[in-house]
Amino acid sequence: MANHNSLPLPLIDVSPFNGREASSEAQRAAVAEELARACATHGAFYLKSGEIGKLTEDARLKVFNAAQEFFALPDDVKNKIPIRAGGFTRGYIPIGGESGSQAVEVKEAFSYGYPWPSTRTPENSLQGPNEWPDASAVSPHWQKTLEEFYAGMVQVAEAVTRALSVALGMDAEYFPSFCKEGDTISLMRLFHYFPSEKADGSGLAAAGARIGSSAHTDWGFLTLVLQQEGVTGLQVADTNGEWIDVPPVAGTFIVNAGDYLSLMTRGRVKSPLHRVVTSDKERLSLVFFYYPTYEAKIPMMEKDSETASRISLFVDQSKSTSSAEQQTLSSAETIGSFGEYIANKWSQVFRDPAGYKA
Ligand SMILES: O=C(O)CCC(=O)C(=O)O
Ligand SMILES: [Fe+2]
(Lines give C-alpha, C1' and ligand atoms only; values in the text may rest on other atoms or scores of the structure.)
(Ligands and ions follow the chains in the order given, each with its own letter.)
Protein backbone atom coordinates (compact mmCIF):
# COMPACT_ATOMS: atom_id res chain seq x y z
CA MET A 1 0.00 0.00 0.00
CA ALA A 2 1.22 3.48 -0.81
CA ASN A 3 2.51 5.48 2.09
CA HIS A 4 0.41 8.61 2.44
CA ASN A 5 2.05 9.86 5.61
CA SER A 6 3.53 12.78 3.78
CA LEU A 7 0.21 14.15 2.55
CA PRO A 8 -0.70 17.57 3.90
CA LEU A 9 -4.25 16.41 4.62
CA PRO A 10 -5.63 13.03 5.73
CA LEU A 11 -6.74 10.51 3.11
CA ILE A 12 -10.18 9.02 3.78
CA ASP A 13 -11.82 6.20 1.88
CA VAL A 14 -15.60 6.64 2.01
CA SER A 15 -16.44 3.58 -0.07
CA PRO A 16 -17.87 1.73 2.99
CA PHE A 17 -20.63 4.37 2.82
CA ASN A 18 -21.58 3.53 -0.73
CA GLY A 19 -25.11 2.16 -0.44
CA ARG A 20 -24.38 -0.79 -2.67
CA GLU A 21 -21.23 -2.05 -1.01
CA ALA A 22 -21.35 -4.60 1.78
CA SER A 23 -19.30 -3.25 4.61
CA SER A 24 -19.20 -3.86 8.31
CA GLU A 25 -20.27 -1.52 11.08
CA ALA A 26 -16.70 -1.56 12.30
CA GLN A 27 -15.39 -0.36 8.93
CA ARG A 28 -17.92 2.45 8.81
CA ALA A 29 -17.19 3.48 12.38
CA ALA A 30 -13.46 3.68 11.63
CA VAL A 31 -14.10 5.90 8.58
CA ALA A 32 -16.47 8.12 10.57
CA GLU A 33 -13.87 8.59 13.26
CA GLU A 34 -11.20 9.66 10.78
CA LEU A 35 -13.68 11.99 9.13
CA ALA A 36 -14.70 13.60 12.42
CA ARG A 37 -11.03 14.34 13.13
CA ALA A 38 -10.43 15.75 9.63
CA CYS A 39 -13.52 17.96 9.88
CA ALA A 40 -12.47 19.38 13.24
CA THR A 41 -8.85 20.07 12.32
CA HIS A 42 -8.65 21.11 8.67
CA GLY A 43 -12.21 20.90 7.38
CA ALA A 44 -10.59 19.34 4.32
CA PHE A 45 -9.25 15.96 3.33
CA TYR A 46 -8.26 13.76 0.41
CA LEU A 47 -11.11 11.48 -0.56
CA LYS A 48 -10.87 8.06 -2.07
CA SER A 49 -14.22 6.91 -3.41
CA GLY A 50 -13.49 3.58 -5.09
CA GLU A 51 -16.11 2.61 -7.64
CA ILE A 52 -18.73 5.14 -6.49
CA GLY A 53 -20.24 7.04 -9.41
CA LYS A 54 -18.14 5.04 -11.91
CA LEU A 55 -15.49 7.74 -11.75
CA THR A 56 -12.66 5.53 -12.97
CA GLU A 57 -9.30 6.97 -14.03
CA ASP A 58 -10.49 6.67 -17.61
CA ALA A 59 -13.70 8.59 -16.89
CA ARG A 60 -11.75 11.33 -15.09
CA LEU A 61 -9.33 11.65 -17.98
CA LYS A 62 -12.24 12.00 -20.39
CA VAL A 63 -13.63 14.87 -18.31
CA PHE A 64 -10.29 16.69 -18.24
CA ASN A 65 -10.09 16.27 -22.01
CA ALA A 66 -13.61 17.66 -22.34
CA ALA A 67 -12.65 20.66 -20.19
CA GLN A 68 -9.53 21.22 -22.29
CA GLU A 69 -11.61 21.00 -25.46
CA PHE A 70 -14.02 23.63 -24.19
CA PHE A 71 -11.35 26.12 -23.14
CA ALA A 72 -9.59 25.70 -26.51
CA LEU A 73 -12.74 26.86 -28.35
CA PRO A 74 -12.57 30.26 -30.05
CA ASP A 75 -13.59 33.15 -27.81
CA ASP A 76 -16.63 33.95 -29.92
CA VAL A 77 -18.04 30.43 -29.35
CA LYS A 78 -17.47 30.64 -25.59
CA ASN A 79 -18.75 34.19 -25.35
CA LYS A 80 -22.07 33.15 -26.87
CA ILE A 81 -23.00 31.61 -23.53
CA PRO A 82 -21.92 34.22 -20.96
CA ILE A 83 -22.86 33.61 -17.38
CA ARG A 84 -25.61 35.99 -16.27
CA ALA A 85 -25.43 38.12 -13.17
CA GLY A 86 -27.46 36.86 -10.23
CA GLY A 87 -27.72 33.59 -8.42
CA PHE A 88 -28.26 31.23 -11.34
CA THR A 89 -24.79 30.57 -12.74
CA ARG A 90 -24.62 28.60 -15.97
CA GLY A 91 -22.27 29.21 -18.86
CA TYR A 92 -18.90 30.76 -19.58
CA ILE A 93 -16.93 33.13 -17.35
CA PRO A 94 -14.06 34.83 -19.18
CA ILE A 95 -10.90 36.09 -17.51
CA GLY A 96 -11.79 39.00 -15.25
CA GLY A 97 -15.47 38.09 -15.40
CA GLU A 98 -15.80 37.05 -11.79
CA SER A 99 -13.77 37.59 -8.67
CA GLY A 100 -13.99 36.84 -4.98
CA SER A 101 -12.12 40.09 -4.36
CA GLN A 102 -10.86 43.14 -6.21
CA ALA A 103 -7.88 41.14 -7.47
CA VAL A 104 -8.07 39.88 -11.03
CA GLU A 105 -8.32 36.13 -10.94
CA VAL A 106 -6.40 34.80 -13.92
CA LYS A 107 -8.75 32.07 -14.94
CA GLU A 108 -11.68 31.28 -17.15
CA ALA A 109 -14.48 28.92 -16.19
CA PHE A 110 -17.49 27.00 -17.37
CA SER A 111 -20.35 26.36 -15.01
CA TYR A 112 -23.11 23.79 -15.38
CA GLY A 113 -25.40 21.67 -13.28
CA TYR A 114 -28.35 19.32 -13.25
CA PRO A 115 -29.76 18.49 -16.71
CA TRP A 116 -32.93 20.51 -16.10
CA PRO A 117 -35.30 20.11 -19.09
CA SER A 118 -36.14 23.34 -20.88
CA THR A 119 -39.81 22.31 -20.80
CA ARG A 120 -39.96 22.18 -16.99
CA THR A 121 -40.65 25.32 -14.99
CA PRO A 122 -37.97 25.89 -12.35
CA GLU A 123 -39.21 25.83 -8.75
CA ASN A 124 -36.60 28.25 -7.45
CA SER A 125 -33.96 30.72 -8.67
CA LEU A 126 -31.17 28.14 -8.70
CA GLN A 127 -32.85 25.66 -11.03
CA GLY A 128 -32.96 25.84 -14.80
CA PRO A 129 -31.46 24.50 -18.02
CA ASN A 130 -27.73 24.42 -18.67
CA GLU A 131 -26.04 26.66 -21.21
CA TRP A 132 -24.04 24.41 -23.52
CA PRO A 133 -21.80 25.59 -26.35
CA ASP A 134 -22.93 24.96 -29.94
CA ALA A 135 -23.02 21.20 -30.40
CA SER A 136 -21.25 21.61 -33.75
CA ALA A 137 -18.24 23.17 -32.00
CA VAL A 138 -17.51 20.23 -29.70
CA SER A 139 -16.95 16.49 -30.23
CA PRO A 140 -20.02 14.19 -30.32
CA HIS A 141 -19.96 12.86 -26.75
CA TRP A 142 -18.74 16.04 -25.10
CA GLN A 143 -21.95 17.00 -23.32
CA LYS A 144 -22.71 13.41 -22.31
CA THR A 145 -19.26 13.08 -20.73
CA LEU A 146 -19.92 16.15 -18.58
CA GLU A 147 -23.44 15.04 -17.67
CA GLU A 148 -22.21 11.61 -16.58
CA PHE A 149 -19.47 13.24 -14.55
CA TYR A 150 -22.05 15.39 -12.77
CA ALA A 151 -24.22 12.37 -11.93
CA GLY A 152 -21.17 10.45 -10.67
CA MET A 153 -20.06 13.32 -8.46
CA VAL A 154 -23.53 13.52 -6.92
CA GLN A 155 -23.17 9.87 -5.87
CA VAL A 156 -19.74 10.47 -4.39
CA ALA A 157 -21.02 13.50 -2.47
CA GLU A 158 -23.97 11.45 -1.17
CA ALA A 159 -21.55 8.88 0.25
CA VAL A 160 -19.64 11.70 1.96
CA THR A 161 -22.86 13.05 3.50
CA ARG A 162 -23.66 9.60 4.89
CA ALA A 163 -20.19 9.29 6.40
CA LEU A 164 -20.42 12.82 7.73
CA SER A 165 -23.73 12.12 9.43
CA VAL A 166 -22.22 9.21 11.34
CA ALA A 167 -19.07 11.23 12.06
CA LEU A 168 -21.28 13.80 13.80
CA GLY A 169 -23.12 11.19 15.81
CA MET A 170 -26.25 11.00 13.69
CA ASP A 171 -27.89 8.27 11.68
CA ALA A 172 -26.27 7.75 8.24
CA GLU A 173 -29.36 9.13 6.51
CA TYR A 174 -29.41 12.37 8.53
CA PHE A 175 -27.69 14.74 6.06
CA PRO A 176 -28.91 12.83 2.97
CA SER A 177 -32.48 13.51 4.14
CA PHE A 178 -31.81 17.25 3.68
CA CYS A 179 -30.13 16.76 0.31
CA LYS A 180 -32.71 14.80 -1.68
CA GLU A 181 -33.13 17.47 -4.36
CA GLY A 182 -29.79 19.12 -3.80
CA ASP A 183 -28.56 17.75 -7.10
CA THR A 184 -30.96 20.11 -8.92
CA ILE A 185 -29.20 23.22 -7.53
CA SER A 186 -25.62 21.96 -7.08
CA LEU A 187 -22.94 23.36 -9.37
CA MET A 188 -20.06 21.99 -11.37
CA ARG A 189 -17.41 24.46 -12.38
CA LEU A 190 -14.56 23.71 -14.76
CA PHE A 191 -11.64 26.08 -14.23
CA HIS A 192 -8.74 26.93 -16.49
CA TYR A 193 -6.07 28.90 -14.65
CA PHE A 194 -3.66 30.65 -16.94
CA PRO A 195 0.09 30.31 -16.45
CA SER A 196 1.76 33.38 -14.94
CA GLU A 197 3.39 34.15 -18.27
CA LYS A 198 0.03 34.61 -20.01
CA ALA A 199 -1.26 36.58 -17.03
CA ASP A 200 1.74 38.91 -17.30
CA GLY A 201 0.75 39.79 -20.84
CA SER A 202 -2.89 40.34 -20.02
CA GLY A 203 -2.43 43.88 -18.78
CA LEU A 204 -5.18 43.15 -16.31
CA ALA A 205 -3.47 43.72 -13.02
CA ALA A 206 -0.14 44.34 -11.41
CA ALA A 207 1.80 41.21 -10.58
CA GLY A 208 1.10 41.39 -6.85
CA ALA A 209 -2.65 41.64 -7.40
CA ARG A 210 -2.94 38.49 -9.48
CA ILE A 211 -4.16 35.25 -8.09
CA GLY A 212 -5.90 32.16 -9.47
CA SER A 213 -8.57 32.25 -6.81
CA SER A 214 -8.53 34.77 -3.95
CA ALA A 215 -8.35 33.50 -0.38
CA HIS A 216 -11.85 32.44 0.56
CA THR A 217 -14.00 29.93 2.32
CA ASP A 218 -16.68 28.21 0.29
CA TRP A 219 -20.15 29.34 1.27
CA GLY A 220 -22.01 26.11 0.80
CA PHE A 221 -22.07 22.61 2.15
CA LEU A 222 -19.41 20.36 0.59
CA THR A 223 -16.94 21.06 -2.21
CA LEU A 224 -15.21 18.28 -4.13
CA VAL A 225 -12.18 19.25 -6.21
CA LEU A 226 -10.52 17.18 -8.89
CA GLN A 227 -7.14 18.64 -9.80
CA GLN A 228 -5.24 18.05 -12.99
CA GLU A 229 -2.37 15.67 -12.42
CA GLY A 230 1.06 17.20 -12.00
CA VAL A 231 -0.05 20.79 -11.36
CA THR A 232 -0.16 22.21 -7.86
CA GLY A 233 -2.12 25.38 -7.21
CA LEU A 234 -4.60 24.81 -4.42
CA GLN A 235 -3.49 25.90 -0.96
CA VAL A 236 -5.26 25.55 2.37
CA ALA A 237 -4.51 27.63 5.46
CA ASP A 238 -3.14 25.33 8.12
CA THR A 239 -4.25 25.58 11.74
CA ASN A 240 -1.42 28.05 12.40
CA GLY A 241 -2.39 30.25 9.46
CA GLU A 242 0.38 29.13 7.10
CA TRP A 243 -0.52 28.34 3.50
CA ILE A 244 0.10 24.70 2.66
CA ASP A 245 0.17 23.23 -0.83
CA VAL A 246 -2.45 20.59 -1.48
CA PRO A 247 -1.06 18.83 -4.55
CA PRO A 248 -3.14 16.48 -6.69
CA VAL A 249 -2.95 12.79 -5.75
CA ALA A 250 -4.03 10.26 -8.37
CA GLY A 251 -7.33 8.55 -7.65
CA THR A 252 -8.45 11.10 -5.06
CA PHE A 253 -10.50 14.26 -4.73
CA ILE A 254 -9.97 17.07 -2.29
CA VAL A 255 -13.06 17.66 -0.19
CA ASN A 256 -13.57 20.81 1.80
CA ALA A 257 -16.49 21.90 3.92
CA GLY A 258 -18.33 25.14 3.35
CA ASP A 259 -19.54 27.89 5.69
CA TYR A 260 -23.12 26.63 5.86
CA LEU A 261 -22.02 23.22 7.08
CA SER A 262 -19.67 24.85 9.55
CA LEU A 263 -22.42 27.09 10.90
CA MET A 264 -25.00 24.34 11.17
CA THR A 265 -22.57 22.15 13.08
CA ARG A 266 -21.47 25.06 15.29
CA GLY A 267 -17.93 24.70 14.09
CA ARG A 268 -17.58 20.97 14.64
CA VAL A 269 -16.81 21.05 10.93
CA LYS A 270 -14.35 23.76 10.02
CA SER A 271 -14.80 25.74 6.81
CA PRO A 272 -11.21 26.05 5.67
CA LEU A 273 -9.68 29.14 4.16
CA HIS A 274 -8.13 28.30 0.79
CA ARG A 275 -6.88 29.88 -2.42
CA VAL A 276 -5.37 29.01 -5.78
CA VAL A 277 -1.98 30.41 -6.76
CA THR A 278 -0.85 30.50 -10.36
CA SER A 279 2.47 29.16 -11.58
CA ASP A 280 4.33 28.81 -14.88
CA LYS A 281 2.02 25.92 -15.75
CA GLU A 282 -1.55 26.20 -16.82
CA ARG A 283 -3.95 24.31 -14.62
CA LEU A 284 -7.35 22.69 -14.95
CA SER A 285 -9.55 21.86 -12.01
CA LEU A 286 -13.06 20.46 -11.79
CA VAL A 287 -14.90 21.80 -8.79
CA PHE A 288 -18.22 20.41 -7.60
CA PHE A 289 -20.30 22.40 -5.13
CA TYR A 290 -22.72 19.95 -3.57
CA TYR A 291 -25.74 21.60 -2.01
CA PRO A 292 -28.67 20.48 0.15
CA THR A 293 -32.24 20.81 -1.16
CA TYR A 294 -33.23 24.47 -1.76
CA GLU A 295 -35.96 24.36 0.93
CA ALA A 296 -33.82 22.47 3.46
CA LYS A 297 -33.58 23.96 6.92
CA ILE A 298 -30.92 21.95 8.64
CA PRO A 299 -31.28 22.50 12.39
CA MET A 300 -28.24 23.84 14.16
CA MET A 301 -26.54 21.18 16.21
CA GLU A 302 -26.59 21.33 19.97
CA LYS A 303 -24.09 23.64 21.61
CA ASP A 304 -20.84 21.94 22.44
CA SER A 305 -18.52 24.16 24.42
CA GLU A 306 -15.46 22.24 23.29
CA THR A 307 -15.98 22.86 19.62
CA ALA A 308 -17.93 26.10 19.54
CA SER A 309 -14.80 28.18 19.93
CA ARG A 310 -13.33 26.70 16.79
CA ILE A 311 -15.76 28.35 14.44
CA SER A 312 -13.91 30.71 12.18
CA LEU A 313 -15.45 31.91 8.99
CA PHE A 314 -13.68 34.23 6.65
CA VAL A 315 -15.95 37.20 6.39
CA ASP A 316 -14.10 39.81 4.38
CA GLN A 317 -13.20 38.00 1.17
CA SER A 318 -11.39 41.02 -0.23
CA LYS A 319 -8.48 40.67 2.18
CA SER A 320 -5.93 38.26 0.79
CA THR A 321 -4.72 37.07 4.12
CA SER A 322 -4.70 33.69 5.74
CA SER A 323 -6.14 34.91 9.04
CA ALA A 324 -9.79 34.15 9.34
CA GLU A 325 -12.20 36.53 10.96
CA GLN A 326 -14.84 35.39 13.38
CA GLN A 327 -18.44 35.34 12.32
CA THR A 328 -20.86 35.45 15.18
CA LEU A 329 -23.17 32.54 15.52
CA SER A 330 -26.09 34.84 16.15
CA SER A 331 -26.10 35.71 12.45
CA ALA A 332 -26.41 32.02 11.69
CA GLU A 333 -29.55 31.71 13.79
CA THR A 334 -31.34 33.90 11.27
CA ILE A 335 -30.50 31.78 8.23
CA GLY A 336 -33.66 30.61 6.51
CA SER A 337 -33.59 27.82 3.97
CA PHE A 338 -30.30 26.71 2.46
CA GLY A 339 -31.43 27.93 -0.96
CA GLU A 340 -32.22 31.44 0.24
CA TYR A 341 -28.86 31.61 1.98
CA ILE A 342 -26.79 30.43 -0.99
CA ALA A 343 -28.74 32.33 -3.66
CA ASN A 344 -28.08 35.50 -1.69
CA LYS A 345 -24.35 34.71 -1.58
CA TRP A 346 -24.16 34.08 -5.33
CA SER A 347 -25.99 37.27 -6.11
CA GLN A 348 -23.20 39.24 -4.37
CA VAL A 349 -20.40 37.90 -6.57
CA PHE A 350 -18.40 40.67 -8.16
CA ARG A 351 -18.91 40.41 -11.90
CA ASP A 352 -17.05 42.76 -14.14
CA PRO A 353 -19.02 43.32 -17.33
CA ALA A 354 -15.77 44.47 -18.96
CA GLY A 355 -14.67 40.87 -18.65
CA TYR A 356 -17.25 39.98 -21.25
CA LYS A 357 -16.21 40.36 -24.83
CA ALA A 358 -19.59 39.45 -26.31
O1 LIG B 1 -9.51 25.27 -8.52
C2 LIG B 1 -9.42 24.83 -7.37
O3 LIG B 1 -8.62 23.93 -7.08
C4 LIG B 1 -10.29 25.36 -6.26
C5 LIG B 1 -11.17 26.51 -6.63
C6 LIG B 1 -11.99 27.01 -5.49
O7 LIG B 1 -11.58 26.99 -4.37
C8 LIG B 1 -13.36 27.50 -5.71
O9 LIG B 1 -13.74 27.69 -6.87
O10 LIG B 1 -14.09 27.69 -4.73
FE1 LIG C 1 -13.20 27.32 -2.96
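This is a predicted model: local features need pLDDT of at least 70, side-chain atom pairs count only at pLDDT 80 or more; totals for chains, interfaces and linings use all residues.
Asp-218 sits in the loop between β8 (213-216) and β9 (222-227), while His-274 belongs to strand β13 (residues 274-276), so the pair ties together parts that are 56 residues apart in sequence. Helices (H or I, at least four residues) and strands (E, at least two) are DSSP runs, numbered from the N terminus. Asp-218 is buried, at 6% relative accessible area, and His-274 is buried with a relative accessibility of 6%. Buried means under 20% relative accessible area, exposed over 50%, and partly exposed in between (1.4 Å probe, protein chains only).

Let us turn to the sheet. Eight strands make up an open sheet of mixed pairing, in the order β1-β2-β12-β9-β14-β6-β5-β3. At its edges stand β1 (11-13) and β3, each with a single partner strand, so one side of each has no neighbour in the sheet. From one strand to the next the twist averages 25 degrees. Strands count as paired if DSSP finds at least two bridges between them. For example, β9 and strand β12 (residues 253-257) pair in the antiparallel sense over four bridges, and Leu-222 has Ala-257 in β12 as its bridge partner.

Helices lie against these strands. Helix α1 (residues 25-41) lies across β1 and β2 (44-48), and runs at about 145 degrees to β1. Helix α4 packs on the sheet and touches β2, β5, β6 (187-193), β9, β12 and β14 (283-290), with its direction at about 55 degrees to that of β14. Angles run from 0 to 180 degrees between N-to-C directions, with axes as lines fitted to C-alpha atoms, for helices over the stretch in contact; contact means heavy atoms within 4.5 Å.

Next come the salt bridges, of which the whole structure has nine. Each is a side-chain nitrogen of Lys or Arg within 4 Å of a carboxyl oxygen of Asp or Glu. One of them joins Asp-134 and Lys-80 at 3.3 Å, N to O. Asp-134 lies in the loop between β5 (107-112) and α4 (142-167) and Lys-80 in the loop between α3 (75-78) and β3 (91-93), so this pair ties together parts 54 residues apart in sequence. Asp-134 is partly exposed at 37%, whereas Lys-80 is exposed at 57%.

Finally, how confident is the predictor? The mean pLDDT, a confidence from 0 to 100 for each residue, is 85 for the chain, and 81% of its residues reach 70 or more. Over residues 205-209 the pLDDT is below 50, and this stretch has four contacts beyond near neighbours in sequence. The model scores ipTM 0.99 and pTM 0.90.

A note on conventions: residues are numbered from 1 along each chain as its sequence is written, while chains are lettered from A and ligands numbered from 1 in the order in which they are written. Local features need pLDDT of at least 70, side-chain atom pairs count only at pLDDT 80 or more, and totals for chains, interfaces and linings use all residues, while side-chain values use heavy atoms, leaving out hydrogens and water.

Technical notes. pLDDT is the predictor's confidence in each residue, from 0 to 100.
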